[in-house]
Amino acid sequence: MKNRADTDAMFRAEVPSPPSGLDKLKWYGPGLLWMLSAVGTGSILFTPRVASAYQYELLWVLLLVVFFMWVMIREMARFSVVTGRSMLEGMHTLGGPRDWAVWVVFVPQLFAAAVGIAGLSAIVGSALQSFLPGNSIIYSVLIVVLCTVITGSGHYMTIERLSRFMAMILMLLATVAAVVVFSDFQGVATGLTFQLPEDPDLYIILPWIGTILAGSMGIVWFGYWTATRGYGGGLIEQHDAGGSAPEQSFDNRVEKARAWMRVMTGAATLGVLGGLAVIFSFMVLGAELLAPEDIMPEGSDVANDLTRLFSETWGVTGEIMMLAAIIIALGGSILANQDGWGRSFADMTLILLRGKADAGKSHWSASFLDWVEKRTRSPVLHRRSLKRAFIVLVTGLVPVIIILVFEDPVQIMSASGIIAAVHTPFIVLTALFVNRSRLPAALRPGLFYSGVMLLSGLFYLGFAVLYLVQLGSG
């Protein structure tokens, strides 16, 4: 049985007082930023296709996955609120070969990030080409460049304020569009009866399930953004970790940490419900516009078909409104994804190259980078510098190359889907183990949240198996 010193090892030394009352609303920005990162591919690309094929029959699946997602992002942020470290640093503490879990996440996600940004930008470019003169490739490249400039040069609060505005406009436009065309109340009721369609097409359904709200890394990002915002006291730099003895009592810190987790839960709820509103709106558009016309769009054609069909209902005004909703959804998703991937790649690099002081070992790469920092007086391994470098290179330059080389980058997004399918159960189940074994007993997830995390991991594990079998069978 562990003693208090062992269970308190990763608990931050000091916990500031959390906001209360209406002041909590000022702290909900991470939820809206996460919402923007989550509604891109799943809502625009796959939801209308699923709704075109099955109307509202799979609504219960959407609600189930949304519930799982709420629990998963909440549990990822739990670790950051309590410890001041990312979940990836929690994975760093696992036994076995040094940093094996971090390597399993890091390398494939470099590819997934570049492909994902390229695919999202290609859909935006296609949507712009349908309304404006010019080439979709040019628009796609310009979107990547613009988003890279914003995320690479802006501070977190700038991105959060921009995300708040974009998220509110997106929810308004998507909801109004859905209300205008909605008519099938009976279909919605049928979609809540937990029944599968006859002869379901996994080629259509599985990519949708894997991209509802967030992929594997999107689950992790909510913890980054809440920590960056200052939840629980914010992120603790590695050189500050393990400092002096805590000035606050253990019980006082536990009480304040629990209050911060309630604020974090509110932000997670806002983000998940906002994302659900957007995805359900696009389900309505697919069921009410695409299904009657027997249209099953491929790739970036989804944006064009929805814009064209909605314009038949509301004319030019409807066309502009639908185009704006699609561009805001995907453009906001690119911004948030670049920021999220940049932060996570920077964190993983620090973990892999520097390690922890208690490892008792130096690494040649760390020594080399220390030498560079001393000679150039440049903070080579500061989180902000690394984040910007990864944003510019991995989510900026490489996606531009992919857009210019591949005729339709959306087609290679399936490779990113494979990575998400495999990583999601790994990340979820590993995070459950980290929270249950590394946090103080008073702040660990209880039976309910632990059970739901276990079910979520098994659900996505089953999904991953089906998805890989379906890809293997062609």
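The protein chain has 17 helices and zero strands, where helices (H or I, at least four residues) and strands (E, at least two) are DSSP runs numbered from the N terminus. This is a predicted model, in which local features need pLDDT of at least 70 and side-chain atom pairs count only at pLDDT 80 or more, while totals for chains, interfaces and linings use all residues. Residues are numbered from 1 along each chain as its sequence is written, and side-chain values use heavy atoms, with hydrogens and water left out.

Of the 474 residues of the protein chain, 59% are buried, that is, under 20% relative accessible area, with exposed meaning over 50% and partly exposed in between (1.4 Å probe, protein chains only). The chain exposes about 19,600 Å², an area from the Shrake-Rupley method with a 1.4 Å probe; carbon and sulfur atoms supply 64% of this surface. Among contacts (heavy atoms within 4.5 Å) with a separation of 6 or more, 87% are between residues 24 or more positions apart.

Gln 55, in the loop between helix H3 (40–54) and helix H4 (59–83), has a phi near 50°, a positive value in a residue other than glycine. Gln 55 is partly exposed, at a relative accessible area of 29%.

Leu 213 belongs to the loop between helix H10 (202–211) and helix H11 (216–229). Its phi is also positive, about 70°, although Leu 213 is not a glycine. Is Leu 213 buried or exposed? With 0% relative accessibility, Leu 213 counts as buried.
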